[in-house]
Amino acid sequence: MPVYEITTDAIHPLEETSFISAGIRERADLQRLLLDSISVIDRDVMVITEEFGEWEDSRRRIDLLGLDRTGNLVVIELKRTEDGGHMELQAIRYAAMVSTMTFAKVVSVHADYLKVHGKDGDAEAAILDFLGWDEPNQEEFAQDVRIILASAEFSKELTTSVMWLNQRDMDIRCIRLKPYRLGERILLDVQQIVPLPEATDYQVRIREKAVEQRQARQQQTNRDLTRFNLRIEGAEYQNLPKRRMIYQVVKAMIGRGKTPEELLPLLPGSERWLIVEGECSEEEFHQRAEKVRGQRGALYEPRRYFNEDGELFRINGKTYALTKMWGTGTIPAMEAIKEKYPEVKIEYVEAV
């Protein structure tokens with residue numbers, strides 16, 4: 001769609017041009033200018049370095065390597081061509097190669113970048129300030145790699161590939177950089193074309209739904225559906241699925257004065273508790289849990305926790321929800337609790 005100039009007399013279409021015709025080079029001009037103006041492409045990204053290629057057995061280099069405010073790495077590829085070439089395949093390779101970068105490595109790379117460009121400042125402090133973190137958090141850092149493709153135009157083959165990949169849980173954006181000439185000046189029209197900005201929220205939800213459906217089908221095929229009869233100090237519970245069995249045991253231990261923090265070392269796996277400040281109701285818990293997970297760049301999925309009013313634990317000014325996602329960790333947790341607290345008689349057998 002053309003861009004117009006409004007004058008007092010009329011509305012005039014601007015003259016379309018190309019980066020090549022305008023004498024704008026890919027690396028020496030476009031990439032150089034975006035280093036200090038990356039917000040043109042994404043306002044929530046900081047540049048870590050340019051021309052990154054610190055890997056063995058490969059001479060390939062990422063045009064720009066960035067970091068977003070959720071702590072994810074961002075691979076940014078630039079083309080001044082009219083079809084984008086095969087930049088999506090190239091960017092996927094780069095994303096795979098940087099996916100194992102640690103916080104310390106990113107700080108080191110950014111420090112080298114600042115030094116080469118003659119910029120003052122502490123690399124680690126700059127990154128922490130951008131992320132809003134008080135200290136490094138490797139567990140939350142670089143959990144994913146995003147891709148941004150910026151080009152004068154994109155072929156249908158490329159955009160079709162990107163949309164298909166996005167439906168399969170990747171995060172790739174196509175940004176069109178269209179130059180126009182106005183007298184002696186070159187103007188730049190910047191448009192995100194994949195995903196369409198007004199459809200992004202809808203597409204994200206569709207993608208999340210698709211992920212849940214695939215996971216549900218896989219779990220239905222592979223999950224252990226064994227049920228158990230449980231006895232705790234004479235109290236009996238019949239025909240429980242494994243996650244409900246471990247919940248009843250944890251509930252019983254908390255009823256006997258144990259805290260979630262005391263029990264945590266006995267519960268194998270990560271993030272067994274979702275914790276929010278305040279002894280809150282179910283509705284309040286959902287609201288605060290969304291914020292807690294959002295601050296970590298993650299989604300709050302209520303179905304993954306025991307979080308109804310009668311299931312939450314409210315202790316010492318905090319509210320705790322136990323996870324439902326145990327995998328193969330249920331029985332090891334049961335045995336660890338029995339061994340740690342032999343004075344509490346816990347028995348369980350498979351239900352017939």
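A salt bridge here is a side-chain nitrogen of Lys or Arg within 4 Å of a carboxyl oxygen of Asp or Glu. R314 is partly exposed at 32% relative accessibility, and D309 is partly exposed at 41%. On these terms, buried means under 20% relative accessible area, exposed means over 50%, and partly exposed is in between, with a 1.4 Å probe and protein chains only.

A word on the source. This is a predicted model, where local features need pLDDT of at least 70 and side-chain atom pairs count only at pLDDT 80 or more, while totals for chains, interfaces and linings use all residues. Residues are numbered from 1 along each chain as its sequence is written, and side-chain values use heavy atoms, with hydrogens and water left out.

Back to salt bridges. By this rule there are 19 of them. One of them joins the side chains of D42 and R173, at 3.7 Å from N to O. D42 sits in the loop between α1 and β4, R173 sits in strand β8, and the two are 131 residues apart. Helices (H or I, at least four residues) and strands (E, at least two) are DSSP runs, numbered from the N terminus. Is D42 buried or exposed? D42 is buried, at 9% relative accessibility, whereas R173 is partly exposed at 24%.

E153 belongs to the loop between β7 and α5, and 23 residues separate the pair.

Also in β8, which covers residues 172-182, is P179. P179 is buried, with a relative accessible area of 1%. Which residues does P179 touch, leaving out those up to four places away in sequence? They are E16, T17, S18, F19, I186, L187 and L188. Contact means heavy atoms within 4.5 Å. The C-alpha atoms of P179 and S18 are separated by 6.0 Å, although the two are 161 residues apart along the chain.

Now the helices. In α1, residues 26-35, the buried residues are D29, L30, Q31, L34 and L35. These pack against β4, β5, β6, α3 and β8.

Last, α2 and α5. M87, E88 and I92 in α2 meet L158, S161, V162 and L165 in α5. The axes of these two helices come within 9 Å and cross at roughly 40°. Axes are lines fitted to C-alpha atoms, for helices over the stretch in contact, and angles run from 0 to 180 degrees between N-to-C directions.
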